[in-house]
Amino acid sequence: MKKKLVSIILSAAMVMSMLVGCGAKDADTPQNETEQAEPVQENAESQESSASDSTETSADAITFWYMGDSTSGIDPLIQEFTAETGIQVNVQSIPWQNLSEKLLTAIASQSGPDVMQTAVSRTAELVTADAIIDMTGYLDTVEGFSKDRFFDASYDSLKMNDKYYGVPWIVDVYCVLYRTDLFEDAGYTEFPATQEEFFEACQKINEQTGIKPFYIGAAQNYNELFCYPYQSGSEIVTEDRVAVFNQPEYIEAMEYLNSFYEAGLAERVTDNVGSYVKLTNGEVAACFGGTWEAGQLQSVAEMDGKWAVAVWPKGSATNDSVYAGSNLVIPSWTTNEDAAVKLIEFLTRTENELKYNEINGALPAVKEAWEDDSLANDPVLSVFGEQINNAKAFPKVPEIEEIGIEAVSAYERISVGEEDIQTVCDELNEFAQNVLDSNQ
């Protein structure tokens with residue numbers, strides 16, 4: 001099984017080279033592997049922190065793998081932690097696209113960091129590789145780790161076989177970014193609440209403006225793609241490792257998206273221009289987006305008062321977003337578990353989640369933090385906070401990266417409009433099930 005896991009991690013490495021991303025204001029501090037980001041310019045060595053690469057630690061020193069291109073986003077909190085506890089922390093910044101390679105080395109040598117930030121989509125991969133410890137017992141013994149402090153999807157992203165393999169830290173969900181002026185001109189002072197209403201609004205905007213109002217980026221991003229099946233009540237892969245891409249609920253989601261192409265309300269082929277750029281230019285009226293895209297829109301002065309964020313319109317089952325972001329986990333080889341737990345407890349305190357948000361714009365996984373005025377009264381972030389309550393974690397299978405990439409490729413075939421949806425989804429399902437079965 002370990003050999004198969006090596007293959008899976010290597011596959012994930014190739015995925016990350018294409019899907020590396022950031023979900024915060026500070027581009028040096030990515031929070032989510034699969035969100036779109038600007039290209040990384042430096043080589044891997046220059047992206048490491050100035051701290052020593054040595055993984056040797058002692059009882060009063062631990063190593064923390066922090067995802068990003070520098071440690072600037074976390075340094076202030078680490079300094080406070082050391083001042084409070086006396087524990088020195090060697091923070092090493094690991095660009096997302098380098099994580100898989102680093103993990104392979106760490107798993108093979110059974111040495112590496114004592115604490116690690118990792119994407120929520122990688123839980124199953126790390127658990128199956130015996131790379132991180134079961135932290136279920138800490139949920140009862142460490143007050144700050146109590147499940148009721150966090151959003152439901154946060155701990156669900158860490159749950160396998162009724163055990164929890166880390167603590168939530170950063171949340172990322174996806175909402176709809178839209179031009180309020182274009183929707184108001186079409187008679188909508190509030191964003192449509194259902195998928196049917198949204199489709200009708202797009203028809204009216206198209207009739208008035210001639211633009212194709214909905215930008216669909218699902219052929220580039222499986223975070224976006226999987227939101228739609230979740231909203232129609234579909235799983236992606238079931239808990240017992242059965243792929244369901246060819247079942248009615250998934251087909252329903254694909255047909256809903258295809259209806260926008262058929263009605264001339266969305267471009268079949270995208271041109272790689274950022275969705276927020278098209279929104280700014282008035283080429284589209286609505287698109288999928290995360291905090292990174294919202295931050296880009298906030299930086300454009302001429303967009304003031306012309307755009308907003310909305311929770312997803314409800315599909316036939318839910319209005320769930322894919323739940324993304326990152327968790328804090330403890331590698332199984334650590335000899336400093338007590339100190340590692342203390343660092344995680346410190347970083348997930350409400351006041352420190354808020355400090356981290358202030359530094360980086362990263363969204364807290366702790367519910368209490370969202371009661372603070374800085375989030376509750378923010379017209380953009382408060383909507384993301386509302387969407388977190390309607391979010392669903394990735395299927396917890398190690399192969400999700402490989403399957404997700406194939407699902408995006410299959411959707412691209414659907415979006416072009418030259419192939420039967422059921423046939424494409426049957427082929428996708430066969431691919432996914434073969435991948436799942438080969439790793440049993």
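**Sheets, helices and burial**

User: In which sense do strand 7 and strand 10 pair?

Analyst: This is a predicted model, in which local features need pLDDT of at least 70 and side-chain atom pairs count only at pLDDT 80 or more, while totals for chains, interfaces and linings use all residues. Residues are numbered from 1 along each chain as its sequence is written, and side-chain values use heavy atoms, with hydrogens and water left out. Strands (E, at least two residues) and helices (H or I, at least four) are DSSP runs numbered from the N terminus, and two strands pair if DSSP finds at least two bridges between them. Between strand 7 (residues 175-179) and strand 10 there are four bridges, and the sense is antiparallel.

User: Which residue of strand 10 is the bridge partner of Arg179?

Analyst: Strand 7 covers residues 175-179 and pairs with strand 10. For Arg179, the bridge partner in strand 10 is Trp307.

User: What is the order of the strands in the open sheet of six?

Analyst: The pairing in this sheet is mixed. Strand 2 (88-94) and strand 13 (363-364) have a single partner each, so one side of each is left without a neighbour in the sheet. The order is 2-1-3-12-6-13.

User: Which residue of strand 2 is the bridge partner of Ile62?

Analyst: Strand 1 (residues 61-67) and strand 2 run parallel and are joined by seven bridges. In strand 2, Ile62 has as its bridge partner Val89.

User: Is strand 12 enclosed or exposed, and how many of its residues are buried?

Analyst: Buried means under 20% relative accessible area, exposed means over 50%, and partly exposed lies in between, with a 1.4 Å probe and protein chains only. Ala324, Ser326 and Leu328 point one way from strand 12, whereas Gly325, Asn327 and Val329 point the other way, and all are buried. Strand 12 is therefore largely enclosed by the rest of the structure, its buried residues numbering six of the six.

User: Which residue of strand 12 is the bridge partner of Pro168?

Analyst: Strand 6 (167-172) is joined by five bridges to strand 12 (residues 324-329), and the two run antiparallel. In strand 12, Val171 has Gly325 as its bridge partner. Strand 3 (residues 115-119) also runs antiparallel to strand 12, with four bridges, and Thr118 stands opposite Asn327. For Pro168, the bridge partner in strand 12 is likewise Asn327.

User: Which residue of strand 13 is the bridge partner of Ile170?

Analyst: Strand 6 is mostly covered, with six of its six residues buried. Two bridges join strand 6 to strand 13, and they run antiparallel. The bridge partner of Ile170 in strand 13 is Pro364.

User: How far apart in space are Asp69 and Pro95, C-alpha to C-alpha?

Analyst: Asp69 lies in the loop between strand 1 and helix 3. Its relative accessibility is 18%, so Asp69 counts as buried. Asp69 and Pro95 are 26 residues apart in sequence, and their C-alpha distance in space is 5.3 Å.

User: Are helix 11 and helix 19 parallel or oblique to each other?

Analyst: Axes are lines fitted to C-alpha atoms, for helices over the stretch in contact (heavy atoms within 4.5 Å), and angles run from 0 to 180 degrees between N-to-C directions. The axes of helix 11 (residues 248-262) and helix 19 (residues 421-438) come within 10 Å and cross at roughly 135°. Contact residues include Tyr250 and Met254 of helix 11 and Cys425 and Leu428 of helix 19. Angles under 35 degrees count as roughly parallel, over 145 as roughly antiparallel, 65 to 115 as roughly perpendicular and the rest as oblique, and these two helices are therefore oblique.

User: What percentage of the residues of the chain count as buried?

Analyst: The chain has 19 helices and 14 strands. Among contacts with a separation of 6 or more, 75% are between residues 24 or more positions apart. Of the 440 residues, the buried share is 59%.
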